[in-house]
Amino acid sequence: MAATIEVVEFELGGERYALDINLAREIVEMIPITPIPRAPPFISGVINLRGEITNIMNLNTLLGLPGKEVRENQKIIVLVPEAAKGNNIGIIVDDVSSVRQVPETDIENIGTGISSEFSQFVKGIIKISGDDAEKKRKDLIIWLDMEKVLADLGNWSKGNPGAGGVREAE
């Protein structure tokens, strides 16, 4: 029997994404976000989540994806502090679909020949078998490496967003 991984599947801009379940502390309904003056574009602001100040990030901006209008069913995936160097961080997603167990045999690596800035933040592509309940949905899920995404945040402060823009020649 093939080993499996467990991921949280979510939607962002009409595409399906996933992140490791062990990085997600909880999923909360969208609540009002207090903007922070002069914050980087990927920081939407902060929320008070049961007495804890939690930084809220716009995953579209962070990944360099086209911005979408605010949707009614948006959620915040609150990450475990260990994933973000001890910080309380939540990411805005359009919707959370499910927690999914995926056999490792259903995961394809993205080719090393792909030179996209975005590809360094992708752990793999999850293929969903044809018996998925909703045939209309796409059968591929992009499995994000959220730890690498968060580790790359320092490049934003230097003006070199890894996935959100073009890096200067090294």
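Colleague: How do you know that strand 10 and strand 11 pair?

Modeller: Two strands pair if DSSP finds at least two bridges between them. Strand 10 (residues 122-127) and strand 11 (residues 140-144) are joined by five bridges, so they qualify. They run antiparallel, and G124 stands opposite W143 of strand 11. Strands here are DSSP runs of E, at least two residues, and helices are runs of H or I, at least four, both numbered from the N terminus.

One thing before we go on: this is a predicted model, where local features need pLDDT of at least 70 and side-chain atom pairs count only at pLDDT 80 or more, while totals for chains, interfaces and linings use all residues. Residues are numbered from 1 along each chain as its sequence is written, and side-chain values use heavy atoms, with hydrogens and water left out.

Colleague: Why are strand 8 and strand 9 said to stand at the edges?

Modeller: The open sheet has six strands in the order 8-1-2-11-10-9, with mixed pairing. Strand 8 (95-103) and strand 9 (107-108) each have a single partner strand, so one side of each is left without a neighbour in the sheet.

Colleague: What makes F10 stand out in the largest nonpolar core?

Modeller: Along with L19, L59, I77 and M146, F10 touches the most other members of this core of 31 residues. A nonpolar core is a set of buried Ala, Val, Leu, Ile, Met, Phe, Trp, Tyr and Cys residues joined through side-chain atoms within 4.5 Å. Strand 1 (4-12), strand 2 (15-20), helix 1 (59-63) and helix 2 (146-151) are among the elements that each supply at least two of its residues. Apart from it lies another core, of nine residues, including V7, A18, V102 and I128.

Colleague: Which residues does F10 touch?

Modeller: Leaving aside residues up to four places away in sequence, F10 is in contact (heavy atoms within 4.5 Å) with several, among them L19, L59, I77, V93 and L144.

Colleague: Why is R38 called exposed?

Modeller: Exposed means over 50% relative accessible area, buried under 20%, and partly exposed in between (1.4 Å probe, protein chains only). R38 has 85%, so R38 is exposed. R38 is found in the loop between strand 3 (24-29) and strand 4 (43-49).

Colleague: And R50, what makes its phi worth a look?

Modeller: Most residues other than glycine have a negative phi. Phi of R50, though, is positive, near 50°, and R38, also not a glycine, has a positive phi of about 60°. R50 lies in the loop between strand 4 and strand 5. At 62% relative accessibility, R50 counts as exposed.
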